[in-house]
Amino acid sequence: MCVLPDIAHCPLYIASHDGDGLGCVDDLARPCKVSRGEMDWQTALLRLAATDRDYPLVLQLIDTRGAA
């Protein structure tokens, strides 16, 4: 499940709007593949970080989830 209270701030949700398959939205009726068990949060963030895009919370969230 997304650790952010507002999905609009989630890097994976934001990435979904780029249409390159790196986001968590494939169905607007059920927008979070992570909460549906179809995407791993940490792996998806690492893939997103590897693109060198500037999403402010990506590395911080990787560290937070890695410590949990």
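Buried here means under 20% relative accessible area, exposed means over 50%, and partly exposed lies in between, with a 1.4 Å probe and protein chains only.

The model is predicted: local features need pLDDT of at least 70 and side-chain atom pairs count only at pLDDT 80 or more, whereas totals for chains, interfaces and linings use all residues. Residues are numbered from 1 along each chain as its sequence is written, and side-chain values use heavy atoms, with hydrogens and water left out.

I asked which residues of α2 are buried. They are Trp41, Ala44, Leu45 and Leu48. Viewed down the axis of α2, these buried residues fall within an arc of 100 degrees, so they line one face of the helix. The arc is that of the directions from the helix axis to the C-beta atoms.

A disulfide is a covalent bond between the sulfur atoms of two cysteines. I searched the whole structure for disulfides (pairs of cysteine sulfur atoms within 2.5 Å) and found zero. Cysteine 24 is in no disulfide, and its nearest cysteine sulfur, that of cysteine 32, is 4.7 Å away. I then looked up burial: cysteine 24 is buried, with a relative accessible area of 1%, and cysteine 32 is buried at 11%. Leaving aside residues up to four places away in sequence, cysteine 32 touches Ile7 and Cys24, where contact means heavy atoms within 4.5 Å.

I find three helices and zero strands, and the elements run α-α-α from the N terminus on. Helices (H or I, at least four residues) and strands (E, at least two) are DSSP runs, numbered from the N terminus. Of the 68 residues in the chain, 31% are buried. Among contacts between residues at least 6 apart in sequence, 48% join residues at least 24 apart. I record an accessible surface of about 4,300 Å², of which 53% belongs to carbon and sulfur atoms; areas come from the Shrake-Rupley method with a 1.4 Å probe, and for residues only the protein chains shown count as cover.
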